[in-house]
Amino acid sequence: MLQCFYARAMHSRNPKNKFRDTKAEELIDRIDYDFSNAKKDTAMSGGIVARSVVFDELVSDFIRKNPDCTVVNIACGLDPRCYRMTGFSHWYNLDLPETMAVREKLLPEKNETISQLAMSAMDDWGAKIAETNVPALIIIEGLTMYLAQTDIQQIFRVISGRFQDATAFVETMNPMVVRRFQEKSIAASGARFTWGVKDGETLAALLPDFRFMEEHGLTEGMAVFVPIYKLLDKIPAVRSISNRIVVLQQEGA
């Protein structure tokens, strides 16, 4: 959680930034914490910034096309994306109670269009959502690789049980990367990658109420900063090991 907003804050302060995140900048100035491990883990920081670029583009485009939408940001941590976006009807940030207690302290919510849900992603959080007959966007960023397949299927049962027109943006990791790679800056916390999926179509096959629409590699976000990634993104082997953001659409929507 700390790694993520630290990476966004450092990028935001870079004169060549691709997005501003003033909330993240404010937080790292307020929190008394040793960010030395985060500073050293440039690979993870680069990945966080790259996925932020891709997610921001996808989310802003969805909201522009669906200005009355409801957004649910699952496993939000201290993600301040809701403050970078405009045009949505209601935004729900959801995470575990202990995480949301920290968020409430650092990012107290006074805006009536933004709500905080202190629940597990596998709980029936759908019952807390007031809006059901509007387009819904579900953001699942930086979570699936720490869960099990049954957990992910449960999350989508909650989604399909509450909405009639839901679109999900889901970050996934290749199983080979799950087995062979761990982020240096989070290893000491005990967090470990546990689950991956080959591609978006394979993910959709596990979720009977959703169909695969498209997917985006984090190489697309890296290409914004390092143009050579535009070429690397065309190499299947490179794309296969890059985290993907899978776009799924609820059946019948």
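The following questions and answers explain how some terms apply to this predicted model. Residues are numbered from 1 along each chain as its sequence is written. Local features need pLDDT of at least 70, side-chain atom pairs count only at pLDDT 80 or more, totals for chains, interfaces and linings use all residues, and side-chain values use heavy atoms, with hydrogens and water left out.

Q: Why is T219 called buried?
A: Buried means under 20% relative accessible area, exposed over 50%, and partly exposed in between, with a 1.4 Å probe and protein chains only. T219 has 5% relative accessibility and therefore counts as buried. T219 belongs to helix α11 (residues 218–222), a helix being a DSSP run of H or I with at least four residues and a strand a run of E with at least two, numbered from the N terminus.

Q: What makes a residue a contact of T219?
A: Contact means heavy atoms within 4.5 Å. Leaving aside residues up to four places away in sequence, T219 touches Y229, D233, V238, R239 and S242.

Q: Why does I129 count as buried?
A: The relative accessibility of I129 is 1%, so I129 counts as buried. I129 lies in the loop between β3 (114–118) and β4. Beyond residues up to four places away in sequence, I129 touches T70, V72, Y92, L117, R162 and F163.

Q: What makes β1 and β2 a pair of strands?
A: Two strands pair if DSSP finds at least two bridges between them. Strand β2 (residues 90–95) is joined to β1 by 5 bridges, and the two run parallel. T70 stands opposite H90 in β2.

Q: How do you know that β1 also pairs with β4?
A: Strand β4 (residues 136–140) and β1 share 5 bridges in the parallel sense.

Q: What makes both faces of β1 covered?
A: In a regular strand the side chains alternate between the two faces of the sheet. On one side of β1, T70, V72 and I74 are buried, and on the other V71 and N73 are buried. In β1 (residues 70–74), 5 of 5 residues are buried.

Q: Why are α1 and α2 called roughly perpendicular?
A: Angles under 35 degrees count as roughly parallel, over 145 as roughly antiparallel, 65 to 115 as roughly perpendicular and the rest as oblique. Axes are lines fitted to C-alpha atoms, for helices over the stretch in contact, and angles run from 0 to 180 degrees between N-to-C directions. The axes of α1 (residues 2–13) and α2 (residues 22–30) cross at roughly 110° and come within 8 Å. The two helices are therefore roughly perpendicular.
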